[in-house]
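Trainee: Could you take me through one part of this model closely, the place where the two chains meet? I would like to follow it from the contact surface into the elements behind it.

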2 protein chains.
Amino acid sequence: MRLPERITITEVGPRDGLQNEDLFFETPRKLELIARLAAAGLRRIEAASFVSPAAIPQMRDAREVITQVPRWPGVTYVALVPNERGARDAIAAGADELATVVSASETHNRRNVNRTIEESLAGIEKVAELAAAAALPWAGYVSTAFGCPYEGAVAPAQVLRVAARLRALGAYAVALGDTIGSADPRQVHTLVREVRDGLPDVPLRLHFHDTRGTGLANVLAAMDEGVASFDGSVGGLGGCPYAPGAAGNVATEDLVYMAHRMGIATGVDLAALIDVARWVESLVGRALPGRIKGAGEAVLRDSA
Amino acid sequence: MRLPERITITEVGPRDGLQNEDLFFETPRKLELIARLAAAGLRRIEAASFVSPAAIPQMRDAREVITQVPRWPGVTYVALVPNERGARDAIAAGADELATVVSASETHNRRNVNRTIEESLAGIEKVAELAAAAALPWAGYVSTAFGCPYEGAVAPAQVLRVAARLRALGAYAVALGDTIGSADPRQVHTLVREVRDGLPDVPLRLHFHDTRGTGLANVLAAMDEGVASFDGSVGGLGGCPYAPGAAGNVATEDLVYMAHRMGIATGVDLAALIDVARWVESLVGRALPGRIKGAGEAVLRDSA
């Protein structure tokens, strides 16, 4: 088993997490969440999505969040942008990096954003032009890369095709999204190899939802394939409102716990992050799926 | 990554699971649970523990359970026995196989059964004699093999030492128990190698608790080391009342889901097992930690 010495974590709780919560987090609360995540050592935080407020009301204060978020040395604030207009707004608000999304499956893309994959890619081309003009890096997410709630299996060749298009448009990294949380470790090996063999110079990131309990096993399989960049959501907040049965992302603190136990550096203060997870859980008023926040990290310390 | 073609699952929900539930499962209910698990295809079921009723009241009907449990072709009913008296009773009741337990850490063993490790091994020697006389196989569990709630880290050499003693006493298999759910995949690799190198001919079984979310990742790491025998608890029922912070075992249905998705046979009907998990959850009246029972397996079928 190959393991990296260090992994990069992109905390997506304030975006992918919150957009699936019924409770609206007022702007000051979002800012507090982001500040606490940064204080816990997270250096990449997806802070907002510049989507239509009608489509995702939880993100209606994206501009305020990006404008007002406390600036920390070395902290990158990522903004998800669905289209050219979102990119303009995100850049104007001061985002450090953009993220674009297109589905690997035609049906999911159409139901998610009412566009064909080609239409989405054409929109991403416009985003790429704006990002280039502003000298901002952008990552390309391929959602439903491991399975589609409407189409079922998604061919690795199709994922590679979309990933290659994103790279050709200028994405500095490609992220493979297990939108519905159906990936298994063998599939992770297979898909990562396919995409890496086709795009050997492209940094890969993995975005797992933990709908069926395989999240950390999938992370382990990806590490074994040389991937060292993962998304996580504090507490396991999150999901995708357009993917039936989806649940939260891999809980960041569980990912950090597993990494630290294996001697893999993350730069995150686990105890502080567990505190943030418990605080978020108290705010949303329901049990969040992350595990270490219930057990605590005492054993980690005793055993270290 | 090496993956087995098939894994053997020992369902421990009726024992390790129930003994940590406040709600007493009346004997007919236990028998119904066991029958439903067998009907779902589980062929090894730890059905009871012949412990002191004062220590673990939930297991006070162990004799009735083993005596009355429906006999299915090919189904092995395992009884946990803490001592000679328990072994006599389990054999008299008609158990197919026995399981013994000793901790790798002195402090946990003393707090768990008020004996030193040596005293426990002396007791297991008596159990082994009874098992041999009755021509019953028995497995030796080494609990706290990955960490102790009182001592912290447990040296792999100490785990090997205890495992070797169990083998020398006649255990047909050795099971390594992550009693407090603190194991990480790298540690699984290291410990499995240590024990296998020291006892190359001994079948190994892994018993993970999923206290910190690493359960299935640990299973994956063990598979990569050639292990093909795992314990699971339906719904994720279970824990260890003597290990602070412990939570349930890896949920059997999540383990089956991951295995099937990877093309690994289990012999289990996943849909039927999910039904059992949901039924058990309704009985205990609280959310059990297993994940697939919430999401369902529809995507699995669509994607297959």
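**Where the two chains meet**

Mentor: Happy to. In this predicted model, 38 residues of chain B are in contact with 38 residues of chain A. The elements of chain B that give two or more residues to its side of this contact are helix 8 (185-198), helix 9 (215-224), helix 10 (252-261), helix 12 (292-295) and helix 13 (298-303). Helix 9 of chain B supplies the largest share, five residues. Sorted by class, the side of chain B that touches chain A has 18 nonpolar, 12 polar and eight charged residues.

Now look at how the copies are arranged. Chain B superposes on chain A by a rotation of 180° with 0.0 Å of shift along its axis, at an RMSD of 0.0 Å. That is the relation of a two-fold axis. The same surface serves both copies, as 100% of the contact residues of chain B recur in chain A.

Buried in helix 8 of chain A are A:Pro185, A:Gln187, A:Val188, A:Leu191, A:Val192 and A:Val195. Seen down the axis of helix 8 of chain A, these buried residues fall within an arc of 145°, so they line one face of the helix. What covers the buried residues of helix 8 of chain A comes from both chains: it includes helix 7 (156-169), strand 6 (173-178), strand 7 (204-208) and helix 9 (215-224) of chain A, together with helix 9 of chain B.

The buried residues of helix 6 of chain A are A:Ile117, A:Ser120, A:Leu121, A:Gly123, A:Ile124, A:Val127, A:Ala128 and A:Ala131. They cover an arc of only 160° around the axis, which puts them on the same side of helix 6 of chain A. The face turned away from that buried side carries the exposed residues A:Glu118 and A:Ala133. Covering the buried residues of helix 6 of chain A are elements including helix 4 (84-93), strand 4 (97-103), helix 5 (106-113), strand 5 (138-143) and helix 7 of chain A. After helix 6 of chain A comes A:Ala135, whose phi is positive, near 60°.

Finally, a word on confidence. The predictor gives the complex an ipTM of 0.92 and a pTM of 0.94. Chain A has a mean pLDDT of 93, and 95% of its residues reach 70 or more. Keep an eye on residues 300-304 of chain A, though: the pLDDT there is below 50, and beyond near neighbours in sequence this stretch has eight contacts in the model.

Terms used: Residues numbered from 1 in each chain as written. Chains lettered and ligands numbered in written order. Predicted model: local features only at pLDDT ≥ 70, side-chain atom pairs only at ≥ 80, totals over all residues. Contact = placed C-beta atoms within 7 Å. Helix = DSSP H or I, 4+ residues; strand = E, 2+ residues; numbered from the N terminus. Nonpolar A, V, L, I, M, F, W, Y, C, P; charged D, E, K, R; others polar. Buried ≥ 20, exposed ≤ 12 C-beta atoms within 10 Å, placed from the backbone. Arc of directions from axis to C-beta. Least-squares fit on C-alpha atoms with pLDDT ≥ 70 in both. pLDDT = per-residue confidence, 0-100.
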